[in-house]
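Colleague: I am new to this one. Please show me how to read its main features.

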Amino acid sequence: MPSLQSLRRKIAAFKNTQKITKAMKMVAAAKLKRSQDRILAARPYAHKMRGVLSNLSQRVNRTSHPLLQKREGKKIEILVVTSDRGLCGGFNGNIVRKSSEFVRQCEAQGLSVNLSLIGRKGRDYFRRRSWPIRQEWTGIFDKLTFEHAIDIGGDLTENFVKGTFDELYVVYNEFKSAIQQRVIVEKLFPIDAAAEFGAAPSATGQSAVGGSYLYEPDEGELLNALVPKHFQIQAYRILLESAAAEHGARMAAMDGATRNAGQLIKKVTLYYNKTRQAAITKELMDIVGGAEALK
Amino acid sequence: MAGKILLEVVTPEKLLLSQEVDEVIAPGSEGEFGVLPGHCHLLSSLRIGELRYKTQDAWHYMSILWGYAEVTPAKVTVMAEIAEKAEDIDVGRAQQAVEKAEQRLQAGGLPSEVKEAQISLEKARLRKKIADRAKKSGHA
């Protein structure tokens with residue numbers, strides 16, 4: 001039987017932990033609100049952009065711009081988006097599992113796979129297992145700005161043009177609601193028709209037929225500006241999705257932890273009181289017994 | 001009017017407008033262009049300017065500061081860096097911005113600064129113009 005003192009210590013420790021998880025939950029909730037607003041605001045623009053680009057990819061001559069090329073996919077790259085911090089439930093675990101699975105699938109088909117990683121957690125995981133990592137970005141989620149997206153988008157477009165990879169997939173958590181995230185595998189390079197993206201713009205049916213676009217100013221100039229921008233916007237959206245999802249996941253995880261701590265405290269306190277009472281009763285009986293014996 | 005065309009305006013901040021309209025006139029970088037339902041496919045960049053669209057015989061105005069427009073027969077998608085509906089522009093602030101930009105332009109400075117001041121003046125004037133127009137049509 002544990003001593004009363006050690007029980008008291010245990011209760012105090014649980015209470016401390018509970019305080020911390022509660023505070024973390026509050027912080028996550030505050031951050032969630034902000035990042036949720038950001039992603040909800042950024043989504044329409046990004047989706048429209050993707051719609052335009054996928055429309056465009058059906059009509060434009062693919063060789064007309066280096067970023068629109070479609071090469072036989074031999075070299076695959078996977079961009080894995082995890083968080084920088086832990087204590088957010090299955091957030092990173094789900095991503096890592098899905099990516100490993102995906103890598104194995106690709107390797108089974110005889111494709112060479114490289115990884116690019118965003119977020120400290122994913123980097124630590126894949127580095128420990130010495131997977132081939134091409135590029136990594138860490139510590140960007142604390143202060144997420146569009147600059148980061150420009151940086152990442154720029155790196156990706158540059159390497160696609162250089163031929164470092166032929167296809168790029170992104171694995172990330174999509175923000176569904178404050179308590180729900182969804183692991184998404186999305187193809188970013190090369191740009192494909194809308195149907196393959198999962199999103200279904202309304203005009204796809206009609207746009208399958210018809211001539212090519214008129215461009216204003218000329219085609220090259222316009223594509224030069226528009227296509228890189230598309231990738232920046234998509235990178236930005238993915239980062240925002242992941243950030244919002246992370247805070248949501250953390251909030252849920254910390255809420256659960258706080259509740260579990262509460263239950264534990266209740267249980268141990270009950271046990272503590274029972275033990276204490278038992279000791280008192282025993283002492284009383286001793287005294288009564290002693291008094292009896294003296295008579 | 002035969003058909004309608006769906007006009008959608010998005011900015012990085014939000015979906016500003018999604019509406020069936022009769023006609024759109026947009027500030028293309030090579031000059032304004034009008035779009036009626038059934039327009040052929042067009043992809044154009046936009047400059048600083050005024051976007052007009054007509055619904056039920058009333059024109060509505062919107063300021064556009066750079067961006068792109070994709071036109072398909074049934075739909076116009078405008079992706080603007082910054083866009084504001086005329087009704088949302090604060091006339092007083094727009095007026096202030098015009099004055100501030102004019103001062104900056106007069107103050108002179110490095111060529112890059114002057115260029116910047118010119119652009120902000122152009123932006124400010126445009127917003128002012130559009131805001132005034134909305135006011136007028138509101139009173140009429």
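Predicted model: local features only at pLDDT ≥ 70, side-chain atom pairs only at ≥ 80, totals over all residues.

Colleague: At what angle do helix α1 and helix α7 of chain A pack?

Modeller: Two packed helices are described by the angle between their axes and the distance between the axes. Helices (H or I, at least four residues) and strands (E, at least two) are DSSP runs, numbered from the N terminus. Axes are lines fitted to C-alpha atoms, for helices over the stretch in contact, with angles from 0 to 180 degrees between N-to-C directions. Here α1 (residues 4-59) and α7 (residues 219-294) of chain A pack at about 160 degrees, their axes 5 Å apart. α1(A) is therefore roughly antiparallel to α7(A) (the term covers angles over 145 degrees).

Colleague: Which residue classes make up the contact of α1(A) with α7(A)?

Modeller: That contact has 28 nonpolar, 13 polar and 14 charged residues. Ala, Val, Leu, Ile, Met, Phe, Trp, Tyr, Cys and Pro count as nonpolar, Asp, Glu, Lys and Arg as charged, and the others, Gly among them, as polar.

Colleague: Which domains does the assignment give for chain A?

Modeller: Domain bounds come from an automatic or database domain assignment. In chain A, domain 1 is 4-21 + 253-294 and domain 2 is 32-251. Their centres, taken over C-alpha atoms, are 53 Å apart.

Colleague: How many residues does each chain bring to the contact?

Modeller: Two residues are in contact if their C-beta atoms, placed from the backbone, lie within 7 Å. Chain B brings 24 residues and chain A 22. On the side of chain B that touches chain A, β5(B) gives the most, with four residues.

Colleague: In which sense do β6 of chain A and β5(B) pair?

Modeller: Two strands pair if DSSP finds at least two bridges between them. β6 (residues 214-216) of chain A and β5(B) pair in the parallel sense, over three bridges. A:Y215 has B:L43 as its bridge partner in β5(B).

Colleague: Where is the cis peptide bond?

Modeller: Most residues other than glycine have a negative phi, and most peptide bonds are trans. A:F189 and A:P190 are joined by a cis bond, with omega about -15 degrees. A:P190 is in the loop between β5 (180-189) and α5 (194-197) of chain A. A:L87, a residue other than glycine, has a positive phi near 55 degrees.

Terms used: Residues numbered from 1 in each chain as written. Chains lettered and ligands numbered in written order. Parallel < 35°, antiparallel > 145°, perpendicular 65-115°, else oblique.
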